[in-house]
There are 2 protein chains.
Amino acid sequence: MPRRSESLSREQIVSTAVGILDAAGAGGLTFRVLAERLATGPGAIYWHVANKDELLTAATDAVVARALAEEPASGSPEDRVRAVALGLFDAVDQHPWMAAQLSTGTWQATSPHVLEAVGRQVRALGVPRADWFVTTTVLIQYILGAAVQNAANAQAAPRVGSRGEFLDAVATAWEELDAEEWSFTRTIGDQMRHHDDREQFLAGIDLALRGIAASRPQVRAAGGA
Amino acid sequence: MPRRSESLSREQIVSTAVGILDAAGAGGLTFRVLAERLATGPGAIYWHVANKDELLTAATDAVVARALAEEPASGSPEDRVRAVALGLFDAVDQHPWMAAQLSTGTWQATSPHVLEAVGRQVRALGVPRADWFVTTTVLIQYILGAAVQNAANAQAAPRVGSRGEFLDAVATAWEELDAEEWSFTRTIGDQMRHHDDREQFLAGIDLALRGIAASRPQVRAAGGA
DNA sequence: TCTCCTCTGGAACGTCGTTCCAACGTAGCT
DNA sequence: AGCTACGTTGGAACGACGTTCCAGAGGAGA
């Protein structure tokens, strides 16, 4: 059997893995499949990558780093927060396999990049220095939490039919619940039916921005709804 | 081989599974281990449970339902939001294996319980009806996102040493980063070193409450820190 | 008593992550 | 030029997992 001419590299392996993950989902990435794509055997991959966890972490790293690549330079501080947040949200939306990875804690190595990117905008918002850490980490927890759940919902929904049909089915089911036991859920079926995930996410960012602004009312109010 | 006297039940299987998950983590739950604990074979379990996903979903369901069991009745609306949020946060903290499950979207079946529990408090806060859905789902995304990441961090940290040592090591590493490229992260090392996860979580809830209050300033300001 | 039908539990299947190792090819030395 | 040492390859094999299969135990009804 002829041996490969040019040697494997870690970057090549990781970028091929991202390709497989994007095309086939988290379950589609196998050392055997990856080896076949690279025209080699599973053993060769282990020379460059310790195990599957490290491979998934590296893949997540690569995508997150790309999403954070350019810092938004124009616009109000609020708009720059929105830009960074949406960049991460969309990255997870387009690479749903990252959802599982972002919930394992292994991404802590990536974490500083996210912390720095969000933190700079928090600092620009005029948050008191003593609140920088808490404000930034709370924003990150919301951003990633919302992104992960959005990606998970997108995976769960399409098996039933179109998105519109799915939302309508859930909304209708809610509206038919018992009036006492489900007194709240019953009343929001229609809002569920017509909501948009990205707008909902941005509404959460705006809620946080209003909360931040309310903590230092002497400066000014946060931007629009 | 003698046959069991009393038959298996789905509830018995699920509660045994929760016990294994609590004791051995997500990786410790195996159909073989579970079968041995129940003094039966793997095949018998499949009569009551379709597959492992359904088992994990049922286990998560059971724990979440317990955490939401009693609705907080006393205190201000803000305090009741904090109580529900902390109940969920602590449940994930004590059953870290739920973190992976809460990020898969499979828990959508559980979702209405969480939605109802949080939504009732949002309604009590005096949020305009048109904002009920968005406000509630944003709160849930933050609560679960923060809980999941907290649980993941708790898994990642203890391998190095005590929590104090771990935080100190991370903080020190941050403080030694390049002053330009990491201009923000560098400055929050000390806040990282002395932070408390639960307080940080509650600070996030309070931030959201302030944001909610700021959206209807005609009523009153939110309480707390 | 006979006959279903529910439920059991052990064996077996295919796939996965991972380990092992014989062999290939190059760099550096003699 | 020949030899050796080492980094790297890639296929085979291992153990564990989720899941399926099926022979048969036990109780309920005729």
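Visitor: B:Tyr46 first: buried, partly exposed or exposed?
Guide: B:Tyr46 is partly exposed, at a relative accessible area of 43%. Buried means under 20% relative accessible area, exposed over 50%, and partly exposed in between (1.4 Å probe, protein chains only).

Visitor: What should I know about the model and the numbering?
Guide: This is a predicted model, where local features need pLDDT of at least 70 and side-chain atom pairs count only at pLDDT 80 or more, while totals for chains, interfaces and linings use all residues. Residues are numbered from 1 along each chain as its sequence is written, chains are lettered from A and ligands numbered from 1 in the order in which they are written, and side-chain values use heavy atoms, with hydrogens and water left out.

Visitor: OK. How many aromatic pairs are there over all chains?
Guide: Eight. Rings of Phe, Tyr and Trp (its six-membered ring) pair if their centres lie within 6.5 Å; planes under 30 degrees apart count as stacked, over 60 as edge-to-face and the rest as tilted. In chain A, A:Tyr142 and A:Phe201 are stacked, with 5.7 Å centre to centre and 10 degrees between the planes.

Visitor: Where in the chain do A:Tyr142 and A:Phe201 lie?
Guide: A:Tyr142 is in helix α8 (residues 132–156) of chain A and A:Phe201 in helix α11 (residues 197–214) of chain A, 59 residues apart. Helices here are DSSP runs (H or I, at least four residues), numbered from the N terminus.

Visitor: Switching topic: how much area is buried between chain B and chain A?
Guide: About 4900 Å², with carbon and sulfur atoms giving 62%. Buried area is the accessible area (1.4 Å probe) that two parts lose on being put together, summed over both. B:Phe133, B:Gln141 and B:Phe184 supply 16% of what chain B buries against chain A, more than any other three residues.

Visitor: Last one: which residues does B:Leu34 touch?
Guide: Not counting residues up to four places away in sequence, B:Leu34 touches B:Ile13, B:Thr16, B:Ala17, B:Ile20, B:Leu29, B:Ile45 and B:Leu55. Contact means heavy atoms within 4.5 Å. B:Leu34 counts as buried because its relative accessibility is 0%.

Definitions and conventions:
Helices (H or I, at least four residues) and strands (E, at least two) are DSSP runs, numbered from the N terminus.
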